[in-house]
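Here are my notes on the model, point by point. Please read them with the structure open.

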Amino acid sequence: MNSPMTSSDSILINDFSRLPTVLIEAQSRAIHEVIDSGSYILSDKVRSFERSWATSVEAIGCVGTANGLDAIEIGLRVLGVGAGDEVITPSLTAFPTVLAILRTGATPVFADIDPLTACISPASVSNCFTSRTKALVVVHLYGRSAPLEELRDLCNEHNVFLVEDCAQAHLAKSNTHPVGTYGKFAAWSFYPTKNLGAIGDAGAVTSMDPEFLSRVRIFRNYGQTDRYTHQIQGSNSRLDELQAAVLLERLKYLEEWTTKRRYIAQRYSAQLSNPYISTLPLPSSSLDHVHHLYIIKTSYRDSLQAYLSQNGIQTLIHYPIPCHKQAAVKQPRLASSGLVHTLDHCNTCLSLPVHPFLCDSEVDKVINIVNRFQPSN
Ligand SMILES: *Cc1c(COP(=O)(O)O)cnc(C)c1O
């Protein structure tokens with residue numbers, strides 16, 4: 001599985017130039033099939049990918065969307081979430097989680113994280129319910145499944161919908177059940193850098209409820225029930241045939257890539273040992289994490305990032321600003337107990353390369369260089 005080094009020997013967060021040659025060729029053939037078919041919207045490739053993705057995540061069905069943001073927003077709208085409703089969600093997430101809630105007209109209410117997992121904390125969630133709460137959108141952040149059984153119990157107790165933002169957690173499990181099967185629906189993103197990525201924007205909704213799925217299917221296609229018949233105001237958020245064609249080819253590799261991510265994450269967790277740096281503990285079952293990102297924490301984040309960059313290692317920060325501090329969120333509502341762990345995380349976290357095309361010598365290099373870091377003051 002060792003790939004040759006590219007011309008630049010920088011170790012990148014993602015490196016699409018290293019896709020297997022057989023896959024690159026298969027993608028090209030699949031794209032040409034679409035071009036030659038003359039059917040470019042909601043045709044064979046989209047139907048085939050929707051079936052394959054539903055099977056992969058053990059859902060009853062899948063509806064492709066234009067992107068992950070739309071998948072969350074459309075699912076929430078179909079559940080009737082809108083103005084006057086509150087939706088609980090973590091502040092430590094990619095902004096689209098929160099933007100999707102805002103776009104429905106509902107008010108996001110921000111819960112804190114568990115500092116050991118960086119996922120939403122059930123104790124903090126339980127501080128956020130009011131009579132207006134309509135849904136909880138959990139995020140399986142960095143590829144680690146959130147504590148779904150506890151969160152599902154809380155939702156049942158308060159009679160609110162559980163929704164899973166699975167944009168970072170393709171094929172992750174939670175107590176042997178795939179993520180996405182606990183909630184009313186799951187939203188997926190196939191943005192190029194996700195564990196399963198397209199060559200542009202793409203997303204999907206999966207669910208265990210066929211009646212919900214058929215409403216999502218109508219919504220993403222102008223709210224059209226039959227040709228030229230519109231009972232609701234939907235949108236245009238269709239998964240593209242070309243993206244579906246590429247996703248079908250890449251899906252064949254997803255398990256292998258996930259295994260490789262787990263292998264690299266386990267090496268980091270076993271071998272990173274620098275007194276100035278901590279790692280997030282791995283879950284007790286390796287299946288619960290698909291390592292979309294590998295996070296370390298340090299109070300010397302900026303100098304560590306500069307040092308790694310000088311040594312040819314690219315890093316990123318997920319995320320420097322929590323969502324409740326974004327100007328786009330007016331008058332943010334927070335858990336009564338506050339968001340101390342979220343703030344600490346945003347100030348100290350750093351993401352190391354963990355993509356499946358890293359070779360052993362590159363993983364060795366990251367470990368050695370991180371272990372030699374000394375804060376300069
Ligand atoms: C990427 C991502 C999204 C949004 O996906 P897009 O396809 O870019 O719209 C939503 N939530 C999380 C947690 C993500 O990482």
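1. Aromatic cluster. Phe-49, Trp-53, Trp-188 and Phe-190 make up one aromatic cluster. Rings of Phe, Tyr and Trp (its six-membered ring) are paired if their centres lie within 6.5 Å.

2. Ground rules. This is a predicted model: local features need pLDDT of at least 70, side-chain atom pairs count only at pLDDT 80 or more, and totals for chains, interfaces and linings use all residues. Residues are numbered from 1 along each chain as its sequence is written, and side-chain values use heavy atoms, with hydrogens and water left out.

3. Aromatic pairs. Searching the whole structure gives 10 aromatic pairs. One of them is Tyr-253 with Trp-257, which is stacked at 5.5 Å centre to centre and 25° between the planes. On the angle terms: planes under 30 degrees apart count as stacked, over 60 as edge-to-face and the rest as tilted. Tyr-253 and Trp-257 are both buried. Here buried means under 20% relative accessible area, exposed over 50%, and partly exposed in between (1.4 Å probe, protein chains only).

4. A pair across the sequence. Tyr-307 and Phe-373 form a tilted aromatic pair, with 5.4 Å centre to centre and 55° between the planes. Tyr-307 sits in helix H10 (residues 301-310) and Phe-373 in the segment after helix H12 (360-371), so the pair ties together parts that are 66 residues apart in sequence. Both Tyr-307 and Phe-373 are buried. Helices (H or I, at least four residues) and strands (E, at least two) are DSSP runs, numbered from the N terminus.

5. Salt bridges on Glu-73. The whole structure holds 17 salt bridges by this search. The criterion is a side-chain nitrogen of Lys or Arg within 4 Å of a carboxyl oxygen of Asp or Glu. Which side chain meets Arg-77 in a salt bridge? That of Glu-73 does, at 2.9 Å, N to O. Both residues lie in helix H3 (residues 68-78), 4 residues apart, about one turn of the helix. Glu-73 also meets Arg-103 in a salt bridge, at 2.7 Å, N to O. This pair links distant parts of the chain: Glu-73 in helix H3 and Arg-103 in helix H4 (residues 95-103), 30 residues apart.

6. Is Glu-73 buried or exposed? Glu-73 counts as buried because its relative accessible area is 7%. Arg-77 is partly exposed at 32% relative accessibility. Arg-103 is partly exposed too, with a relative accessible area of 47%.

7. Further salt bridges. In helix H7 (residues 210-219), Glu-211 and Arg-215 lie 4 residues apart, about one turn of the helix. Their side chains meet in a salt bridge at 3.6 Å, N to O. Glu-211 is partly exposed, at 48% relative accessibility. Arg-215 is partly exposed, with a relative accessible area of 38%. Asp-15, Arg-18 and Glu-362 are linked in a salt-bridge network.

8. Negative patch. Glu-149, Glu-150, Asp-153 and Glu-157 gather on the surface in a patch of negative charge. Patches take residues with over 30% relative accessible area and no salt bridge; like charges are joined within 9 Å, nonpolar side chains (Val, Leu, Ile, Met, Phe, Trp, Tyr) within 5 Å. Lys and Arg count as positive and Asp and Glu as negative, while His and the chain ends are not counted. The place of a charge is NZ of Lys, CZ of Arg, CG of Asp or CD of Glu. Asp-153 belongs to helix H6 (residues 148-158). Its relative accessible area is 47%, which means partly exposed.

9. Nonpolar patch. Ile-35, Tyr-40, Ile-41 and Leu-242 form a nonpolar surface patch, with about 360 Å² of accessible area together. Accessible areas come from the Shrake-Rupley method with a 1.4 Å probe; for residues, only the protein chains shown count as cover. Ile-41 lies in the loop between helix H1 (21-37) and helix H2 (44-56). At 47% relative accessibility, Ile-41 is partly exposed.

10. Sequence against space. Pro-281 lies in the loop between strand E12 (278-279) and strand E13 (294-297). Pro-281 is partly exposed, at 41% relative accessibility. Pro-281 and Thr-117 are 164 residues apart in sequence and 7.2 Å apart in space, C-alpha to C-alpha. For Arg-47 and Tyr-222, the separation is 175 residues in sequence and 18 Å in space, C-alpha to C-alpha. Arg-47 lies in helix H2.
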